[in-house]
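Take a look at the model below. The text then walks through its packing and its charged pairs.

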Amino acid sequence: RMKIKELMRDLITEEISDICSYSAEAELFGGDLRQGERIRELFTGLADEKRARLKDFDRISRERTGFRQRRLETPRSIEAALRAHVSRTEKSVALYSSLLKLIRNPEYQEAFRNIIVREREVLADLRELQARIKRPIK
């Protein structure tokens with residue numbers, strides 16, 4: 001069983017990776033003929049949201065998040081990017097849920113409950129975008 005500190009560290013690492021990949025992919029796939037505008041809007045919004053979330057982590061955690069831009073392998077296609085994001089978001093929901101079980105502070109519990117709700121909404125958005133992209137262009 002993971003301890004709070006380890007979970008927080010893992011989640012911070014995940015969030016930083018997400019910020020980097022969403023930012024890079026907003027540019028990379030933003031020109032997609034099918035859903036470029038939607039991709040750019042969703043991915044840019046998620047990167048911003050996760051940046052704000054890191055600031056919350058700084059408040060909650062005694063460990064500094066120390067955001068550093070990471071060089072990441074960018075996926076070759078938007079389909080691959082979406083598959084990776086769905087999988088990472090599912091993992092993130094699981095990690096936040098584990099953290100929620102360990103945390104006693106009601107204010108933090110509330111914050112993490114809200115993050116879980118939000119991550120599930122993101123999952124729905126990503127899956128909806130996947131479905132749109134699978135549809136042939138009319």
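Buried means under 20% relative accessible area, exposed over 50%, and partly exposed in between (1.4 Å probe, protein chains only). Helices (H or I, at least four residues) are DSSP runs, numbered from the N terminus. This is a predicted model: local features need pLDDT of at least 70, side-chain atom pairs count only at pLDDT 80 or more, and totals for chains, interfaces and linings use all residues. Residues are numbered from 1 along each chain as its sequence is written, and side-chain values use heavy atoms, with hydrogens and water left out.

Start with helix 4. Its buried residues include Phe112, Ile116, Glu119, Val122 and Leu126. Helix 1, helix 2 and helix 3 are among what covers them.

Now the cores. A nonpolar core is a set of buried Ala, Val, Leu, Ile, Met, Phe, Trp, Tyr and Cys residues joined through side-chain atoms within 4.5 Å. The largest has 20 residues; Met8, Leu11, Phe57 and Phe112 are among those with the most contacts inside it. Helix 1 (4-29), helix 2 (36-60), helix 3 (78-102) and helix 4 (106-134) each give two or more residues to this core. Helix 1 supplies the largest share, seven residues. Another core, of 17 residues, lies apart from it and includes Ala26 and Leu46.

Charges come next. A salt bridge puts a side-chain nitrogen of Lys or Arg within 4 Å of a carboxyl oxygen of Asp or Glu. The count is 18. Arg53 pairs with Glu15, closest N and O atoms 2.8 Å apart. Arg53 lies in helix 2 and Glu15 in helix 1, so the pair ties together parts 38 residues apart in sequence. Both are buried. Lys50 and Glu119 also form a salt bridge (3.4 Å, N to O).

Conventions
Contact = heavy atoms within 4.5 Å.
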